[in-house]
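I set out to record what a look through this model shows, from the whole chain down to single residues. The entries below follow the order in which I looked things up.

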Amino acid sequence: MDSQPSSKALHNRINTDVSQLLQRFENIMATATVESTNHTSTAVETYQLDVESTALVRAAEDLLSLSRTMKETWLFGKLDTLGEDEADVKRREELERDAEAIQKAVEDGGLLKAAK
């Protein structure tokens, strides 16, 4: 496993897989509730149920695959569940610099002088 997915990519994949799972289930339920006595429409509905159930199984398998990938990544120490990505580190450093500047200005009395 040379390339490790980012947390954002993992979240996107989870959201996509779950939405696919739900959509396929909704499609199965919508097809199953149609009442028809015509042989042609029954055959079409049977085919649709087969396609949707196959897609439902694939979505579930993809979630299982994602779970396995996350477990392997976590087990080998490359999944940083508590850490920050580069954007978070940069944002935190900027906030710390701003806080230090404000603290220094308050200590020097620069803000109080400007307010009077």
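Entry 1, terms and source. I call a residue buried under 20% relative accessible area, exposed over 50%, and partly exposed in between, with a 1.4 Å probe and protein chains only. The model is predicted, so I note that local features need pLDDT of at least 70 and side-chain atom pairs count only at pLDDT 80 or more, while totals for chains, interfaces and linings use all residues. Residues are numbered from 1 along each chain as its sequence is written, and side-chain values use heavy atoms, with hydrogens and water left out.

I looked up the helices and strands, which are DSSP runs numbered from the N terminus (helices H or I, at least four residues; strands E, at least two). The protein chain has four helices and zero strands. Of its 116 residues, 10% count as buried. For contacts I take heavy atoms within 4.5 Å. Among contacts with a separation of 6 or more, 69% come from residues 24 or more positions apart. I also noted an accessible surface of about 9600 Å² (Shrake-Rupley method, 1.4 Å probe; for residues, only the protein chains shown count as cover), of which 57% belongs to carbon and sulfur atoms.

Which residues of α2 are buried? I found Glu45, Glu52, Ala55, Ala59, Leu66 and Thr73. They pack against α1 (7–32).

Is aspartate 17 buried or exposed? I record it as buried, because its relative accessibility is 7%. Aspartate 17 touches Ala59, Asp62, Leu63 and Leu66, with residues up to four places away in sequence not counted.

I found aspartate 50 in helix α2. Its relative accessible area is 47%, so it is partly exposed.

Leucine 75 has its place in helix α2. I count leucine 75 as exposed because its relative accessibility is 62%.
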